[in-house]
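Here is a short report for a reader new to this structure. Please look over the sequence and the 3D view before reading on.

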Amino acid sequence: MTNPSPWRATVLTLFPEMFPGPLGVSLAGRALASGLWQIEARDIRASATDRHRSVDDTPAGGGPGMVLRADVLAAAIDAAGIGPERPRLLMSPRGRPLTQARVVELARGPGPLIVCGRFEGVDQRVIDARGLEEVSIGDYVLSGGEIAAMALIDACVRLLPGVMGKEASGTEESFSDGLLEYPQYTRPQLFEGVPIPAILTSGDHAKVAAWRRAESEALTAARRPDLWEKAANRGSGQKTPKNKTDG
Ligand code: SAM
């Protein structure tokens, strides 16, 4: 049976030709081709009304760069015809940092509208008037929101039912229980004189699980003390990691 309304990303951008881009290949691309999700990239400039089709203007109060106009962006959002059930996101370095927990929520819903900023950003009035949720993909500044939107969409799409094989369900990945993932190994058994840790080839599933858990805890404590503290407070990890891994 085919899904009557697959997960859908509606992207508002000044560069619709950037989509699907990398989302059109590999896992996400195959899922797109088979109808497990949909993407619509809409040109913000189509909502410009003046004869120069301008979308931006100089910042009120002065300063460098240009700002996306509230009236043009609001018209573009309204023209997209998004129902109230769909989240409205604005990719923004000022936003709340994207987490796997938020990705899971977004993947479970009908799919978001995503506004991609450019220039110095977006007039605050349209953010407020259209209830845009600002989302950041990290503490650095990109030149536009498109690559950030692609990162968010990719993270959601791989969680949609039927996209990943059952051998890669995502349940043991980094962040799935607040910890970073344990180290992975595969053949050859010996690489440049270094063997696969013997426990992983012992066939003892309980010992493998315990080793992986200890490695996850040690990595998280060494590399992400912020996550480690949260995990320890939730009881997901010990106060001190059981194992030491080189961070
Ligand atoms: N002047 C803005 C500031 O300092 O916050 C930066 C604007 S940036 C050059 C242009 C656009 O890129 C932003 O409006 C946003 O859509 C996108 N962008 C840049 N960095 C981002 C990030 N870390 N996460 C999400 N979107 C980002």
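At what angle do the axes of H3 and H5 cross? They cross at roughly 70 degrees and come within 8 Å. That makes H3 roughly perpendicular to H5.

## Basis of the model

This is a predicted model, in which local features need pLDDT of at least 70, side-chain atom pairs count only at pLDDT 80 or more, and totals for chains, interfaces and linings use all residues. Residues are numbered from 1 along each chain as its sequence is written, and side-chain values use heavy atoms, with hydrogens and water left out.

## Domains

The chain has two parts: domain 1 (7–157) and domain 2 (174–234). Their bounds come from an automatic or database domain assignment. The C-alpha centres of domain 1 and domain 2 are 36 Å apart.

## Helix contacts

Helices (H or I, at least four residues) and strands (E, at least two) are DSSP runs, numbered from the N terminus. Axes are lines fitted to C-alpha atoms, for helices over the stretch in contact, with angles from 0 to 180 degrees between N-to-C directions. Angles under 35 degrees count as roughly parallel, over 145 as roughly antiparallel, 65 to 115 as roughly perpendicular and the rest as oblique. Contact means heavy atoms within 4.5 Å.

The axes of H3 and H5 cross at roughly 70 degrees. Val103, Leu106 and Ala107 of H3 make the contact with Leu152, Ala155 and Cys156 of H5. These residues divide into six nonpolar, no polar and no charged. Here Ala, Val, Leu, Ile, Met, Phe, Trp, Tyr, Cys and Pro count as nonpolar, Asp, Glu, Lys and Arg as charged, and the others, Gly among them, as polar.

Helix H6 (residues 205–223) and H7 have axes that come within 5 Å and cross at roughly 125 degrees. That makes H6 oblique to H7. From H6, Glu217, Thr220, Ala221, Ala222 and Arg223 meet Pro225, Leu227 and Trp228 in H7. The contact of H6 with H7 has five nonpolar residues, one polar and two charged.

## The largest pocket

A pocket is an open set of points on a 1 Å grid over the protein atoms alone, where a 1.4 Å probe fits, with protein on both sides within 12 Å along at least five of seven lines; lining residues have an atom within 4 Å of a point. Grid points are joined across faces, edges and corners, and a volume is the space filled by probe spheres set on the points.

The largest pocket holds about 880 Å³ of space. Its lining has 33 residues, and Leu98, Thr99, Gln100, Ala101 and Phe175 lie nearest the centre. Helix H3 (100–108), helix H5 (146–157) and helix H7 (225–234) each supply at least two lining residues. H3 gives the largest share, six residues. Domain 1 and domain 2 each provide at least three.

## The second largest pocket

The second largest pocket has a volume of about 490 Å³. It is lined by 26 residues, with Met91, Ser92, Pro93, Glu120 and Gly121 closest to its centre. Strand S5 (88–97), helix H4 (124–129) and strand S7 (133–136) each give two or more of them. The largest share, five residues, comes from S5.

## Backbone exceptions

Most residues other than glycine have a negative phi, and most peptide bonds are trans. Phenylalanine 119, not a glycine, has a positive phi of about 55 degrees. The peptide bond from phenylalanine 19 to proline 20 is cis, with omega near 0 degrees. Arginine 187 and proline 188 are also joined by a cis peptide bond, with omega about 10 degrees.
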